Every structure is written in C-alpha cells, then in structure tokens.
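Visitor: I would like to go through some labels and ask what each one rests on.
Guide: Then let us take them one at a time.

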Amino acid sequence: MLMTTLMIGLVLGGTYSLAALGMTMQYGVARIMNLAYGELMITASFATFVLFSTFEINPLLALPAVATGGFILSYVIYGLLMSPLAKRASDAGALEVDSILVTFGLLFLLQGILLVIFGADFTSYTFLNTPVEIFGVVLAANRLIALVAAVVLGGGLYLFINNSRWGRNLRAVATNPENAPLVGIDLERTARTAFAVGGMLAALAGVIVSMFQTFTATAGVIFTMKALIVVIMGGVGNFMGALLSGLILGLVEALVSSYIDPGLTLAAVYLIFLVILLWRPQGLYGKG
C-alpha cells in the first residue's frame, strides 16, 4: 500500500514538475508572469490530438514539431507584447504587474480561439496506456514518461544553467538585469530567448500530459496555477527546486488521498504552500 502510494505520488509529482519548468524559465529569467502559460500547454495538447487522430502521427514523433511551434509562438509573443513592456518598465515590480495584465488578456484570447475550434467538450486519446510494473507497482507507461521527462529536463536544465556560458548569461539577467549589459550581455535577446524556451517547455509538457489526461479548451488555468505554486515553492528561477517541489506536491496529494481523505488533497497543497510562503518567502531552495 505505501509503495503504491509513493509511486503514484512520484508520477503525479513528475507531471507537476514538467508543467512548471517552462514557467520557471519565463518568470525566473525573463521576469514575465505569464498567466496564459497553461493555455499554451493546452494548445500543444490539442495540436498533438489533431496530429494523432487525423494524421495518425505518433505523439512522441510529433513532440519536436509541437515544441518548436511553442518556441516560435512564444518568441513572437515576446516581441509583440512583452518587449514593449520590458522597455518601459521602471523596475522588476512594474514589469511583473504589466505582464500579469497583458497575459491575463492573452489567456482569454487563446482560450476563445480554442473554444471556437474545438468546443467545450472534454478531449482525450489513448496512447501507450500499457501497464508497466516497477517495484511491484503497476503503472501506465504514458504516465511514467512524464516522470522521466521531468527528471531529465529538470536535471539537464540545472546543469546547463550552472555550467554553460549561456546559462551564466541567464543567471546574470535573472539576478541583476540592470548591470548585465555592462558585461556585454544583450538583455533583450537573452530575455526573449528565455521566454521562448519557456514556451517550448510548456508545449513539450502539453504533448506529454495529453497522452494520459483528459483536457478541455478551458483547462489551462489549472496548469497555470499548479505551475505557479511549484515555481514559488521551489524558488523563482530554480530548476532543481521546481523539480523537487513538484515531486513533493505529488507525494503529499497521494498520501493525503490514500490515508486521510481524497477531498482534502487540494486543501493540503494550499496549506503547504501557505506555510512555505510564511516560513521561506524565497522558496524552499532559494532563487536560481
């Protein structure tokens, strides 16, 4: 019973971590609080659904194309909407407030387009729903992909950010954007690329989540809220923190659901979130 609960919690947490990695990049480096983040995930989920159900393209083979689409779309969005905000913002706080207002409108724009095209019905498809036994616990292969992808991407991004030249540029922009240009860093290009990479990660998460979870055109806000909780819990801009915080949330939900009451899982998540905000406002693992 305990091993089953732990495995289910890790798989669930892997989904949360995967969903939060892109927001970590956008909020931690580009300093854009993107409330339309979940809508980009859902757009990628619908794109994968169309490719799979209409053209019979394997979702894993479609993943690079959809992720690239997420990068291009986010790159364009930053250039059209976020770049003017970043140039006129007097400080990071002003940019955060402005980006919340703009992406709030973008949320409804993307949601409206999805509703017109796909309607409000629940959508799903079956792919890799194959039982896999690990430590005596049977899990679906498509859910394990989310956990593996979260661990590989979270660990890979952590190593890349801390051991590469571009990673050092990202950290410089994230921690001290005012002085980053003094050492030759192009602030606009770095922030725009970071926002686009965050969009690519969101699209990637949308593809993987669509393999096992039912979704609708209005479900994006759920992913945005979960990702935001994970990002703040782990520490803004901290990829390893996002990975570990997502896993912690998944384990908490699984334990509360199995041993206390399934109806209290959401309350337990927000209770932990509030306690961490009061105890460590900078997040469990600090800013990346």
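Visitor: Why is glycine 112 called partly exposed?
Guide: This is a predicted model, and in it glycine 112 has a relative accessibility of 28%. Buried means under 20% and exposed means over 50%, so at 28% glycine 112 counts as partly exposed. Glycine 112 is in helix α4.

Visitor: How far is glycine 112 from alanine 217 in sequence and in space?
Guide: They are 105 residues apart in sequence, while their C-alpha atoms are 8.1 Å apart.

Visitor: What makes threonine 216 buried or exposed?
Guide: Its relative accessibility is 7%. Buried requires a value under 20%, so threonine 216 counts as buried. Threonine 216 sits in the loop between α7 and α8 (220-234). Leaving aside neighbours within four places in sequence, threonine 216 is in contact with Ile42, Phe46, Ala120, Asp121 and Phe122.

Visitor: Why is serine 45 called buried?
Guide: The relative accessible area of serine 45 is 3%; the limit for buried is under 20%, so the label applies. Serine 45 belongs to helix α2 (residues 37-55).

Visitor: Why is the pair of arginine 88 and aspartate 98 called a salt bridge?
Guide: Their side chains meet at 3.9 Å, N to O. A salt bridge needs a side-chain nitrogen of Lys or Arg within 4 Å of a carboxyl oxygen of Asp or Glu, so the pair meets the definition. Arginine 88 lies in helix α3 and aspartate 98 in helix α4, so the pair ties together parts 10 residues apart in sequence. Arginine 88 counts as exposed because its relative accessibility is 61% and exposed means over 50%.

Visitor: How many salt bridges does the structure hold?
Guide: The structure holds two. Lysine 226 forms a salt bridge with glutamate 253, and their closest N and O atoms are 2.7 Å apart. This pair links distant parts of the chain, with lysine 226 in helix α8 and glutamate 253 in helix α9, 27 residues apart.

Visitor: How do you know whether lysine 226 and glutamate 253 are buried or exposed?
Guide: Lysine 226 has a relative accessible area of 15%, and glutamate 253 has 9%. Both values are under 20%, so both residues are buried.

Visitor: What makes the phi of glutamate 56 worth a remark?
Guide: Its phi is positive, about 55°, although glutamate 56 is not a glycine. Most residues other than glycine have a negative phi. Glutamate 56 lies in the loop between α2 and α3 (59-88). Its relative accessible area of 70% is over 50%, so glutamate 56 is exposed.

Visitor: Why is leucine 264 called partly exposed?
Guide: Leucine 264 has 40% relative accessibility, which falls between the limits of 20% and 50%, so it counts as partly exposed. Leucine 264 is in the loop between α9 (239-259) and α10 (265-279). Together with Met1, Leu2, Leu255, Tyr259 and Ile260, leucine 264 forms a nonpolar surface patch with about 620 Å² of accessible area.

Methods: Residues numbered from 1 in each chain as written. Predicted model: local features only at pLDDT ≥ 70, side-chain atom pairs only at ≥ 80, totals over all residues. Heavy atoms only, no water. Helix = DSSP H or I, 4+ residues; strand = E, 2+ residues; numbered from the N terminus. Buried < 20%, exposed > 50% of the residue type's maximum accessible area, 1.4 Å probe, protein only. Patch = residues over 30% accessible without salt bridge, like charges linked within 9 Å, V, L, I, M, F, W, Y side chains within 5 Å. Areas by Shrake-Rupley, 256 points an atom, 1.4 Å probe, with all protein chains shown as cover. Contact = heavy atoms within 4.5 Å.
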